[in-house]
Structures are given as C-alpha cells and as structure tokens.
Amino acid sequence: MRSNKFGIHIAASTLALAVSYGAHAVTDEDIMNDHKTPGDIVSYGMGTQGQRFSTLDNLNTGNIQYLQPVWAFSFGSEKMRGQESQPMIKDGVMYVTASYSRVYAIDAMTGEEIWQYDARLPDGIMPCCDVVNRGVALYDDKVIFGTLDAKLVALNKDTGKPMWIKKVADYQAGYAITAAPIVVKGKLITGVSGGEFGIVGKVEAYDPNTGDLLWTRPTVEGHMGYVYKDGKAIENGISGGKAGVTWPGDMWKNGGAATWLGGTYDPDTDSLFFGTGNPAPWNSHLRPGDNLFSSSRLAIDPDDGSIKWHFQTTPHDGWDYDGVNELISFDYQENGKTVKAAATADRNGFFYVLNRENGDFIRGFPFVDKITWATGLDPETGRPIYAEGGRPGDPTVTAGTKGNPVLAQPAFLGGKNWMPMAYSQDTGLFYVPSNEWSMDIWNEPVSYKKGAAFLGAGFTIKPANDDYIGVLRAMDPKTGKEVWRYENTAPLWGGVMTTAGNLVFTGTPEGYLKAFDAKTGEELYKFNTGSGVVGTPVTWIMDGEQYVSVASGWGGAVPLWGGEVAKVVKEFNQGGMVWTFKLPKDRVASN
C-alpha cells in the first residue's frame with residue numbers, strides 16, 4: 001500500500017486489476033437505464049426515479065435463508081461513525097463513501113481495496129448532524145462526491161487521483177455537502193446542507209468533466225438564479241418572482257431551505273425533484289408567512305435550473321419538519337388511465353401523492369400513529385390544517401426568555417427522516433422506514449450571526465412507546481392503508497431496498513441487516529454486522545450470482561440530537577464496514 005500528497009492510498013497489487021475492471025466509462029445512457037441493468041448500480045436510488053427496486057429474483061422468499069456473507073471491508077482508522085452511504089457497482093468495482101468525506105474503490109468479487117481517497121478537511125467544519133456522506137456519482141472516467149467543507153471532488157475511477165476540485169459554498173458560513181450528487185443529461189447536480197446555520201439553500205449544476213458551474217437556483221424566495229455561459233453569470237429570474245412575498249423584512253436573506261438530501265430525476269417529465277429543509281430560524285414567530293420555498297418539494301428544469309412547480313408540505317414550519325425527503329416517481333392505474341404520480345413520506349408525519357407533471361395534490365394521509373401539530377390535510381390543496389395550540393409559543397409575549405412549550409408528535413427528527421424508502425413495481429407498495437417519537441419544543445429569542453447556530457428553539461425528544469420506536473411500514477399509496485408493519489426497539493435510520501424476489505431489505509441500529517416478505521412483512525433473514533446499520537442496501541448480479549451489500553457503522557443525527565431517545569442507543573457500538581453477501585448458484589430456486 002502506498003499513499004501520495006493527494007491523500008490517496010493505492011494498493012499496488014490491485015491497481016492493474018482496477019484498470020482492467022474499469023475499462024468502460026459510465027455514460028448518460030448507463031445512468032438513464034440503471035433500473036434496467038442489474039449487473040451495475042450507477043445511480044443513487046438504483047435508478048434515477050429513486051424507487052430502489054431491483055428486477056432480480058434469483059434471491060427470493062424461497063431461498064433467502066441461504067444468503068451468506070462473502071467479504072467485509074473495513075473503512076479503518078478512528079473515523080468509525082455514521083456510515084450512511086449507498087454503494088455503487090460498475091464493471092466489478094464497488095465505489096463507496098465513508099464518514100469524514102472518504103471514498104473507496106473495492107474489488108466487488110474479493111473485497112480487496114483498490115484505492116482510497118481522504119479529503120483534507122479543515123478544523124472548522126460545522127456539520128449539524130454528524131460527519132456522514134451518502135455516496136458518489138459515477139460519470140465517464142470519474143467518481144464524484146461532496147465533502148463536509150462544501151466542495152465537489154472528481155476522482156479518476158481507476159486511480160483515485162483528483163481530476164478537479166470545486167468549492168460550492170463557504171463552510172465557515174455553515175455550508176456542507178452530505179448527499180450524493182447525481183448526473184442528469186450530462187450535468188452534475190448537487191444540493192447543500194446547513195439549514196441550522198441560516199444559509200440559503202440552492203441546487204446547482206456543474207460540468208462533470210471540468211467542474212465549471214452551469215447554473216444555480218436558490219431555493220429561498222427572493223434570491224436570483226443564474227446560468228453561466230463562457231464563465232459569465234447571466235440572470236435567470238428571481239426564485240418566486242420577487243423578494244419578501246412570504247417572508248417578513250429581510251429574513252429571506254438567511255432563510256435556510258437547505259437541499260441537503262439531494263434529488264431524483266424523472267425522465268417522463270424531464271424534471272429534477274429536490275426537497276428543501278426547514279426555514280431559518282426554527283422560531284416561526286420571527287418570520288410570519290409561508291416562507292417559500294422552505295419545507296417544500298420542487299420540480300426543477302435540468303437545463304437551466306428554473307423552478308417548474310412547488311408543493312409545500314409544512315407552510316410556516318415551526319417544528320423543523322423540513323421537506324427534504326425524496327420524491328419518488330411511479331405510475332398507477334385509476335379508472336382505466338395511467339396516473340403519473342410521485343410520492344413522499346414527510347418528516348411531518350403525512351404521506352403525499354402528487355401529480356408529478358404539475359405538482360397538484362392527489363391525496364395525503366398519515367403514515368405514523370399520531371400527529372398532534374395538525375388535524376389533517378385540506379382535501380383539495382393538501383395544505384395542513386393546524387391544530388389549535390400546536391405551535392410552540394412566542395417568547396416575546398410570555399414571561400421569561402422562552403415561549404410556552406408544546407408537546408409535538410412526530411418529533412423534529414421526523415416520522416421519516418433522510419433514510420430512503422423503496423417502491424415495489426410488483427406489489428405497488430411503498431416500504432417506509434419510520435419512527436414513533438414526540439418532543440417538547442419551545443421557542444427562544446435569536447439573531448443571525450454568520451457560522452453560528454440559528455435556531456431560536458429548544459427541545460427534548462422522547463419515545464412515544466415503551467417497547468419500540470422504529471416501524472418499517474408497507475403503505476398503499478392509492479388507499480393510504482398500512483398493509484403491514486415491523487416494529488423495532490431502536491429508531492430506524494437506514495434506507496430500504498425491495499426486489500422482484502418479493503423481498504424488502506433494511507438495517508437496524510442493533511446491527512442487523514434484515515429481509516422481509518414484501519407482501520406479508522414476515523421477517524425471513526437477519527445477519528448482525530457488528531455495528532448499527534444506517535446505510536442503504538443494494539443488490540446486483542455478477543457471474544450469475546446475486547449479491548447484496550450494505551454499509552455498517554452506527555451514527556447520524558439520533559445519538560447527537562435524540563434527547564431521551566439517545567439513552568436507548570447509548571450502548572451501541574460505532575463502526576465502519578461495508579458487508580457483501582451473495583446467494584450461491586446452487587441455491588437459486590423459484591418461489
């Protein structure tokens with residue numbers, strides 16, 4: 001093993017093998033067809049629409065008990081926490097990120113390291129919710145990822161050597177990048193993190209070959225968008241049309257709405273779908289109005305960044321419910337017609353089905369057991385009907401330094417947080433990793449200071465039940481019915497995958513990779529990885545055998561922000577591994 005000035009570690013014995021495996025560049029066609037090519041995984045979401053559905057059925061309910069680990073790779077060092085990555089697979093090489101902005105290329109057959117890249121992070125990074133990274137984008141001969149100091153880095157896929165590095169935003173103002181970027185129509189698309197620091201969210205497109213900025217779209221009403229031609233910025237319209245329409249005074253200038261989870265892409269409507277985070281500060285009494293485009297889903301034109309439509313799940317958010325959760329495209333039949341829909345399970349506890357062509361509300365329903373901040377959704381618009389007394393009190397009209405606290409459910413960590421759900425084309429169900437918890441929340445005075453937390457709120461999170469917090473749910477998007485559920489003692493914080501083998505995979509903080517019957521919810525398989533699973537599993541086929549991989553390593557927001565919930569997980573061991581399993585050829589059988 002040798003390293004160089006770039007922070008790259010290259011295993012000499014496997015470098016030649018990597019060059020051999022990596023002979024084929026990733027094309028736009030590869031990315032657009034990712035959901036149809038189970039031998040590779042070249043998009044975040046196992047397809048640009050983010051369904052996380054595999055057409056593979058070699059591994060199924062009849063033989064899942066024969067799934068066996070074949071290798072485990074350690075991310076090494078003392079940086080063993082918060083492994084939320086989704087692996088990518090191309091031509092026998094796995095590309096996976098780890099905490100603290102690291103990237104690894106691994107021989108997918110043997111688990112041997114090919115190369116490692118460590119970003120050199122400054123001391124002053126300010127990630128709100130752990131040192132996580134959720135994955136890379138693959139394009140041409142490059143592996144591209146975002147760093148905790150808000151940069152994009154393009155690495156050569158065969159050697160790990162940097163090809164370009166681009167500053168996206170100022171980390172000293174609270175910006176970071178934790179999501180996997182995506183490539184759409186030859187453009188590298190990224191969002192930003194930092195909503196707890198009063199940043200301004202944005203979605204940007206870069207040239208993946210050079211790192212040149214192509215367009216930028218702020219996600220707070222009132223800020224100007226730009227396209228770039230020949231290196232020059234050309235105004236491309238103010239987000240929302242003009243400033244201050246749904247914000248008081250100058251609050252929009254530090255309005256939050258971070259795009260910290262990244263996006264999906266729907267080729268049917270040629271739209272990027274990005275969610276936006278909480279408005280800043282949390283204290284909603286400082287910013288009366290809907291505070292667009294915070295806590296929303298946006299449809300964005302990938303050619304120039306224009307906003308096509310928006311849907312706001314929590315107008316005038318006062319609970320940090322965000323709106324970043326993935327919007328997944330899917331079709332269903334109704335009255336003999338195909339409905340082009342998109343679905344999202346929001347932090348606020350409601351599941352929304354939208355028309356993805358225009359953003360119109362189709363239906364919405366709770367997917368958690370209890371919601372206290374709202375009594376329901378307007379059946380025509382989907383706008384929440386706020387519960388009387390459900391908003392934290394105004395500190396300026398009560399004695400002391402804080403407003404009257406309220407008990408709110410779900411807690412601000414959400415009915416569902418970042419962890420991606422999955423949609424099965426076979427069952428027509430969404431498989432939603434969710435949590436049952438509540439919070440005491442109150443507001444406090446606050447003013448903006450660059451790089452400082454901009455909350456104006458205090459909180460304590462607590463479990464809603466004595467014996468479980470996490471719930472994996474199978475939800476019918478046409479009826480709102482919960483078809484089945486699996487209850488887990490600790491909060492669920494990892495993603496979900498489903499397959500044509502009638503299987504649903506997810507991980508638990510207790511360390512297990514688990515598989516369930518997609519129709520009934522029966523637990524069929526579990527394997528303990530040694531640390532909490534907060535990554536997202538993937539599956540692919542190689543040499544006729546079906547593989548499953550998942551990153552393992554406890555961390556993320558729960559142990560940092562969880563309050564009383566953190567007591568439930570305080571004994572869990574941190575870690576840093578990627579585990580790979582396979583079904584042997586002689587065990588392939590039909591259900």
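Me: Is Trp319 buried or exposed, and what is its relative accessible area?
Reply: In this predicted model, Trp319 has a relative accessible area of 1%. Buried means under 20%, so Trp319 counts as buried. The relative accessible area of Trp373 is 1% as well, and Trp373 is therefore buried too.

Me: How many aromatic pairs does a search of the whole structure find?
Reply: The search finds 38 aromatic pairs. One of them joins Trp319 and Trp373, with ring centres 5.2 Å apart and planes at 45°. Planes under 30 degrees apart count as stacked and those over 60 as edge-to-face, so at 45° this pair is tilted.

Me: Where in the chain do Trp319 and Trp373 lie?
Reply: Trp319 is in the loop between strand 22 (307–312) and strand 23 (328–334), and Trp373 is in the loop between strand 26 and strand 27 (374–377). The two are 54 residues apart, and the pair links distant parts of the chain. Trp373 also forms a tilted aromatic pair with Tyr321, at 5.5 Å centre to centre and 50° between the planes. Tyr321 is in the loop between strand 22 and strand 23, 52 residues from Trp373. Both Tyr321 and Trp373 are buried.

Me: Which residues do ring pairs link into a cluster?
Reply: The cluster holds Phe311, Trp319, Tyr321, Phe350, Tyr352, Phe361, Trp373 and Tyr386.

Me: Over which rings do the charged ends of Lys402 and Arg587 sit?
Reply: For Lys402, the ring is that of Trp442, with the charged end 4.2 Å from the ring centre. For Arg587, the ring belongs to Tyr66, and the distance to its centre is 3.9 Å.

Me: How should I read a strand pairing, and what is the sense of pairing between strand 25 and strand 26?
Reply: In a regular strand the side chains alternate between the two faces of the sheet. Here strand 25 (residues 350–355) runs antiparallel to strand 26 (residues 361–366), and 5 bridges join them. Within this pairing, Phe351 has Phe365 of strand 26 as its bridge partner. The two strands form a hairpin with 5 residues between them, and Gly359 in the turn has a positive phi of about 85°.

Me: Which residues touch the most other members of the largest nonpolar core?
Reply: They are Phe351 and Phe505, in a core of 137 residues. Leaving aside residues up to four places away in sequence, Phe505 touches several residues, among them Leu59, Ile64, Leu67, Met497, Leu513, Pro537 and Val548. A second, separate core has 14 residues, including Ile182, Val203, Phe293 and Leu298.

Me: What should I expect of backbone angles in general?
Reply: Most residues other than glycine have a negative phi, and most peptide bonds are trans.

Me: What is the phi of Ala150, and what is that of Asn502?
Reply: Phi is near 65° in Ala150 and near 65° in Asn502. Ala150 lies in the loop between strand 10 and strand 11, and its relative accessibility of 0% makes it buried. Asn502 is in the loop between strand 36 (496–499) and strand 37 (503–507). At 14% relative accessibility, Asn502 is buried as well.

How values were computed
Residues are numbered from 1 along each chain as its sequence is written. This is a predicted model: local features need pLDDT of at least 70, side-chain atom pairs count only at pLDDT 80 or more; totals for chains, interfaces and linings use all residues. Side-chain values use heavy atoms; hydrogens and water are left out. Two strands pair if DSSP finds at least two bridges between them. Helices (H or I, at least four residues) and strands (E, at least two) are DSSP runs, numbered from the N terminus. A nonpolar core is a set of buried Ala, Val, Leu, Ile, Met, Phe, Trp, Tyr and Cys residues joined through side-chain atoms within 4.5 Å. Buried means under 20% relative accessible area, exposed over 50%, partly exposed in between (1.4 Å probe, protein chains only). Contact means heavy atoms within 4.5 Å. Rings of Phe, Tyr and Trp (its six-membered ring) pair if their centres lie within 6.5 Å; planes under 30 degrees apart count as stacked, over 60 as edge-to-face and the rest as tilted. A charge sits over a ring if NZ of Lys or CZ of Arg is within 6 Å of the ring centre and within 35 degrees of the ring normal.
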